[in-house]
Structure formats: C-alpha cells, structure tokens
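Reader: Hi! Could we go through this model together, starting with the charged pairs?

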Amino acid sequence: MHATSTVHATSDHTETALNPAPIESDRRSFARTFTDLKTGFANHELWAHLGWQDIKQRYRRSVIGPFWITIATGVMALGLGILYSALFHMKIETFLPYITTGFIVWNFILACITEGAETFIANEGMIKQMPAPLTVYVLRTVWRQVLMLAHNLIIYVIVLLVSIGTLGSPYHMSEDNSGPLHPGLGFGMLLVIPGFILLVVSGVWVSLLFGIISTRFRDIPQVINSLVQLVFYMTPIVWSPDVLGERGRSIGHTAVQFNPLYHYVQVVRGPLLGQQVDWWSWVIVVALTGLGWGIALLVMKNYRSRVSYWV
C-alpha cells in the first residue's frame with residue numbers, strides 16, 4: 001500500500017509539471033489601465049514637447065507662425081459677426097463677442113473630437129517604435145488644442161476691450177432690447193476656470209475613446225466629421241436663442257437643452273460674456289464628463305493592448 005501511494009503521488013506531480021495551470025493575463029485589468037494613465041500624465045515633458053512641436057512643424061518657415069490660427073479665427077468671427085448681427089438685428093457690440101467666444105470654444109471641441117479620433121492612427125510610427133503609454137499620445141493631441149485655444153484667446157481680449165463698455169453692465173443682445181437681460185461682466189467670470197477644466201478633461205476622454213474605436217474601425221473618423229457639421233448648425237454658435245421670437249425662444253430653448261455640446265460651450269462662453277449659466281448646464285457637463293470617463297476606461301481596459309496591432 002505504501003508503494004502504491006508513492007507511485008500515485010509521483011504521477012500527480014508529473015502531470016502537474018507537464019500541464020501547469022494557465023496564468024491569467026493582467027493586460028485587461030483596471031490596474032494596467034490606471035498605470036497607463038498615471039505614467040502618461042507623469043511624462044508631461046514628453047507630450048508637452050510633442051504638442052508644441054506639432055504646431056511649430058505645421059507653421060514651419062511661416063513669418064508669423066501659429067498666429068495664423070488667430071488671424072483665421074478672427075477673420076471668420078468678424079465676417080460672420082457683422083453679417084448675422086445685421087440679419088438677426090443684434091447689437092454688434094454684444095453679438096461679436098458672443099460669436100467670437102463661441103467659435104473659440106467650438107474649435108477646441110471640434111478638434112478634440114476629429115483629431116482625437118485619429119490620434120493613434122496619426123502616431124502609428126511612434127506607437128510601433130517607442131514603448132510609451134497610450135495616454136501620452138492622447139495628451140499630445142489635447143495639449144496641442146489647448147495651445148491653439150490660447151492663441152485664439154487673443155481675439156477675445158481684443159473684442160473685449162472694444163465692447164467692455166456694453167458688456168460691463170446689464171445688457172440685451174437684441175437691438176429692441178427683447179429677450180433675457182444678461183447681468184454683465186463681474187466676478188462671475190471666475191467660473192470660466194472650472195468650465196475650462198471640465199472642457200479639457202472631457203477632451204481627454206473623448207480623444208481616448210474615439211481614438212481606440214477609430215483605430216479598429218477606420219470609417220468612424222469619416223462618420224464623425226459628417227455628424228459634427230450637422231451638430232454645428234444645431235448648436236448656438238452663429239445664432240442665439242435671444243434672436244428668436246417668444247414662441248421661437250421656447251422651441252429653441254427646448255432644443256438646445258438636449259444638445260450636450262451646447263452645455264459644454266456655455267459653461268465657458270457664459271462667464272466670458274457676463275451671462276448667467278443655468279445650474280443644470282453644470283450638472284449635465286459634470287455628469288457627461290463622469291460618464292464619458294467611465295466608458296473610456298472600460299474600453300481602454302479591454303482594448304488598450306490591441307491598439308499597437310490595429311494601427
């Protein structure tokens with residue numbers, strides 16, 4: 001009996017050695033996902049340098065360099081501001097700052113969506129050659145948009161200096177003083193800080209989520225480009241609910257409340273123009289930011305390791 005037991009024990013050990021238990025991979029774990037995020041944010045010198053180099057490369061050998069961004073946005077805002085203020089019977093001294101800030105914020109959102117969707121595709125060479133966290137490429141894209149937004153803020157400062165006499169006190173946007181009365185510039189301008197932070201934080205998860213999906217399905221960037229053109233006309237950028245009649249204001253107000261991009265624009269544009277931002281706009285932006293990050297982290301957890309193969 002003793003000999004038999006020894007044979008069985010030896011046989012069991014041999015079988016275990018020949019067929020070891022499978023080791024579970026931790027590639028699809030939140031621990032690896034958060035490590036990627038932490039390491040990516042820690043490498044701020046890398047993505048900040050790459051983002052700045054992108055702008056320098058784009059305007060290489062140009063006399064005024066990235067200030068072409070400012071000129072292009074300023075000309076567009078000035079032309080449309082003069083045109084639409086006449087068509088909608090708006091005061092140019094209030095409507096021009098409105099459309100200028102709207103364009104500045106919208107261009108940031110648009111770039112985070114469209115360029116964010118191609119962030120990994122555009123960095124294919126670096127992803128295959130340099131072992132860096134995926135977050136580095138996302139932060140590179142978003143940081144580039146922050147720098148471009150900073151250049152465009154020069155237009156806002158110029159327009160603000162011209163219109164400070166009107167925006168510094170309560171004002172109506174329409175020529176006949178119809179519509180809501182806006183409180184004017186004051187300490188409420190400080191709310192632009194949390195609004196801008198939420199905008200940038202959302203830009204990161206948008207670029208991360210759409211970037212991973214677009215790497216797998218290359219038709220997604222084209223679909224996104226088509227949809228954002230439609231959403232632009234549905235978002236009060238070149239028009240304002242203030243210009244609509246009583247019935248139109250009611251319909252327009254209801255329509256924009258279901259447009260999430262309107263709330264992202266308003267939490268930044270409102271404080272810059274001395275307008276009251278509805279509390280539910282802040283709630284919607286915070287909720288969408290949290291929800292978006294939750295989805296982005298889940299997608300990153302499951303597909304982060306596949307991006308290098310998909311590109």
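Reader: Is Arg-140 buried or exposed?

Author: Arg-140 is buried, with a relative accessible area of 13%. Buried means under 20% relative accessible area, exposed over 50%, and partly exposed in between, with a 1.4 Å probe and protein chains only. Bear in mind that this is a predicted model, where local features need pLDDT of at least 70, side-chain atom pairs count only at pLDDT 80 or more, and totals for chains, interfaces and linings use all residues. Residues are numbered from 1 along each chain as its sequence is written, and side-chain values use heavy atoms, with hydrogens and water left out.

Reader: Thanks! Which residue forms a salt bridge with Arg-140?

Author: Asp-54 does, with the closest N and O atoms 2.7 Å apart. A salt bridge here is a side-chain nitrogen of Lys or Arg within 4 Å of a carboxyl oxygen of Asp or Glu. Asp-54 lies in helix H3 (residues 44-58) and Arg-140 in helix H8 (residues 134-167), so the pair ties together parts that are 86 residues apart in sequence. Helices are DSSP runs of H or I with at least four residues, numbered from the N terminus.

Reader: And what about Asp-54 and Arg-144?

Author: Asp-54 forms a salt bridge with Arg-144 too, the closest N and O atoms being 2.6 Å apart. Both Asp-54 and Arg-144 are buried.

Reader: How many salt bridges are there by this rule?

Author: The count comes to 4. One of them joins Lys-128 to Glu-124, with closest N and O atoms 3.1 Å apart. Both lie in helix H7 (residues 124-129), 4 residues apart, about one turn of the helix. Lys-128 counts as exposed at 52% relative accessibility, while Glu-124 is partly exposed at 31%.

Reader: Switching topic: at what angle do H9 and H12 pack?

Author: Helix H9 (residues 192-216) and helix H12 (residues 260-273) pack at about 155°, with their axes 8 Å apart. Axes are lines fitted to C-alpha atoms over the stretch in contact, and angles run from 0 to 180 degrees between N-to-C directions. That makes H9 roughly antiparallel to H12, a label for angles over 145 degrees.

Reader: Which residues make the contact?

Author: Among them are Phe-196, Leu-199 and Trp-205 of H9 and Tyr-264, Val-268 and Pro-271 of H12, where contact means heavy atoms within 4.5 Å.

Reader: Last one: where is His-89?

Author: His-89 is in the loop between helix H4 (67-87) and helix H5 (92-117). Its phi is near 60°, a positive value in a residue other than glycine. Most residues other than glycine have a negative phi.

Technical notes: Helices (H or I, at least four residues) and strands (E, at least two) are DSSP runs, numbered from the N terminus. Angles under 35 degrees count as roughly parallel, over 145 as roughly antiparallel, 65 to 115 as roughly perpendicular and the rest as oblique.
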